[in-house]
Amino acid sequence: MISTKDLTLKFGTRTLFENVNIKFLNGNCYGLIGANGSGKSTFLKLLSGEIDSTSGEVIYDTKERLSILKQDHNIYNDMIVLDVVIMGNSKLYNIMKEKEKLYCKTDFNDDDGIKLGELESEFAELNGWQSESDASILLDGLGVPNDLFDKKMSDISNVHKVKILLAQALFGNPDILLLDEPTNGLDINAKLWLEEFLITFENTVIVVSHDRHFLNKVCTHIVDIDYEKITLFVGNYDFWRKSSELIQRQMKESNSKKEKQIAELKDFIARFSANASKSKQATSRKKTLEKIILNDIKPSTRKYPYINFKEDKKLGKEVLTLKNVNLCIDGKEILKNFNFNVNNTDKIAFVGTNELTITTLFRVIAGDIKPDSGDIIWGSSALYSYFPKNHEKYFQSDNNLVTWLQEFSKNKEEQFVRGFLGRMLFSGEESLKKINVLSGGEKVRCMLSKMMLSGANVLILDEPTNHLDIETITSLNEGLKEFGGAILLRTNDHEVIDTTANRIVEFVDDCKYVDKMVTYSEYIEKR
């Protein structure tokens with residue numbers, strides 16, 4: 001268990017949250033949610049002791065082991081993979097290394113023998129003899145190949161480093177587990193494995209995630225950071241959303257009734273306060289009026305952009321055909337005799353661990369790179385818009401947002417472009433920001449704005465949910481669901497795929513792929 005007492009955090013004049021009193025109990029998984037910048041990751045750092053609060057305290061038994069998911073992928077570059085995982089239990093790892101030093105001593109004496117006996121006893125109590133086996137089981141479950149276990153982290157790809165650091169956090173059955181975006185970069189199998197691990201985990205879990213499906217699957221409680229306070233809700237993400245909307249609606253309805261009552265009382269007092277026969281009633285109503293307190297409804301830090309892809313013309317039957325497409329990159333076959341057809345009702349999600357092939361295929365389809373051979377044939381009615389995974393080339397100039405977006409808009413009037421940017425949460429001075437200083441999430445919103453202005457009837461999106469908060473992902477999800485054209489989509493967001501796609505394509509080894517006309521949930525179930 002871990003708890004907070006009157007915890008407050010301020011940065012200058014800005015208050016993130018104050019007087020937070022909350023208990024996180026064993027056997028529960030708490031999903032920590034809030035808008036970007038609300039303080040989710042900061043709250044985890046407070047709980048872990050990485051940073052100090054302005055006032056108040058974090059309380060937990062020092063005998064309990066607290067484990068944190070590390071974010072720096074290069075922090076252990078000189079270490080062996082299995083050692084990195086076992087380091088999740090620092091006490092066990094330190095004992096293991098101290099033992100190794102003693103065993104390597106050439107001038108081993110009686111004191112060393114006594115010390116070694118003590119270390120061996122502690123090592124056994126901590127299940128040290130099982131440590132390599134336990135670490136291997138975690139790595140295997142997350143999909144890290146066995147031949148990487150004895151390699152240095154510097155030789156490991158970022159795809160596997162993410163999983164190794166996650167295995168480190170999970171290692172050794174920690175009493176308190178703090179996970180900041182643990183599903184980022186995970187493939188289907190790894191994410192499903194992690195869900196099952198957390199569902200059966202018996203200790204305390206506090207997790208930050210933008211993945212709504214993940215939060216629904218693993219969370220027993222939701223902890224909401226908003227209105228400069230932290231509120232605990234029992235239930236998963238969907239239950240929180242319905243509950244919070246209901247609370248806000250009830251508060252507004254209550255205020256509306258109170259405001260009507262206030263107006264009636266003020267009217268009565270104004271009309272009869274000078275009337276001797278009614279003066280007692282007027283005085284009574286004054287006292288009633290003084291007791292009425294309106295609910296303090298602060299503006300939420302959550303902002304939902306308006307995302308709506310409207311095609312300029314209806315998509316005909318002929319959309320896209322790829323015939324015998326071949327492509328090698330640096331001597332490696334990426335696409336081999338690839339044949340593929342897109343219909344006008346297709347909403348295709350591309351899934352699997354073979355990210356290079358999916359990204360390359362999207363680039364070939366969008367004309368970003370040319371294949372070595374084969375044909376890419378677009379239908380006469382098809383107009384596509386492309387969201388590349390790497391879109392930095394669009395943000396190299398020092399233009400402001402208005403000027404930048406005017407380039408992609410048929411209507412060049414500044415008022416129109418500013419209004420459009422306002423819908424995407426760039427209002428007032430925000431719309432005059434230089435594009436080369438935008439955050440990752442802001443760049444994604446700009447790219448989505450560009451796509452909306454295109455009037456395209458085919459959308460090609462390569463990981464558009466990266467860097468987005470839950471609110472923007474939700475808005476994007478709604479926009480894709482309402483879109484009337486064809487979609488080719490790659491994303492790690494389960495909910496977006498499941499509610500958008502009617503066709504799933506998964507690339508496997510040797511340039512092969514599986515193509516099924518099913519929803520994502522149906523596909524996973526059949527796998």
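How many disulfides does the count come to in this predicted model? The count comes to zero disulfides.

**View 1. Cysteine 29 and the cysteine sulfur nearest to that of cysteine 29.** Cysteine 29 takes part in no disulfide. The nearest cysteine sulfur belongs to cysteine 219 and lies 4.2 Å away. A disulfide requires the two sulfur atoms to be within 2.5 Å. Cysteine 29 has a relative accessible area of 3% and is therefore buried.

**View 2. Cysteine 446, a buried residue.** The relative accessibility of cysteine 446 is 1%, so this residue counts as buried.

**View 3. Helix α15, residues 470-482.** The helix has 13 residues. From its first C-alpha to its last, α15 reaches 18 Å, close to the 18 Å expected at 1.5 Å a residue. Ten of the 13 residues are buried, and α15 is thus mostly covered. The buried positions are Ile470, Glu471, Thr472, Ile473, Thr474, Ser475, Leu476, Asn477, Gly479 and Leu480.

**View 4. The crossing of helices α3 and α4.** Helix α3 spans residues 90-103 and helix α4 spans residues 110-125. Their axes come within 10 Å and cross at roughly 150°. Angles over 145 degrees count as roughly antiparallel, and α3 and α4 are therefore roughly antiparallel to each other. The crossing of α3 and α4 is left-handed. On the α3 side, the contact is made by Lys91, Leu92, Ile95, Met96, Glu98, Lys99, Leu102 and Tyr103. On the α4 side, Asp112, Lys115, Leu116, Leu119, Glu120, Glu122 and Phe123 make the contact.

Methods
Residues are numbered from 1 along each chain as its sequence is written. This is a predicted model: local features need pLDDT of at least 70, side-chain atom pairs count only at pLDDT 80 or more; totals for chains, interfaces and linings use all residues. Side-chain values use heavy atoms; hydrogens and water are left out. Buried means under 20% relative accessible area, exposed over 50%, partly exposed in between (1.4 Å probe, protein chains only). Helices (H or I, at least four residues) and strands (E, at least two) are DSSP runs, numbered from the N terminus. The expected span of a helix is 1.5 Å times one less than its number of residues. Axes are lines fitted to C-alpha atoms, for helices over the stretch in contact, and angles run from 0 to 180 degrees between N-to-C directions. Angles under 35 degrees count as roughly parallel, over 145 as roughly antiparallel, 65 to 115 as roughly perpendicular and the rest as oblique. A crossing is left-handed if the near helix is turned anticlockwise from the far one by less than a right angle, and right-handed if clockwise. Contact means heavy atoms within 4.5 Å.
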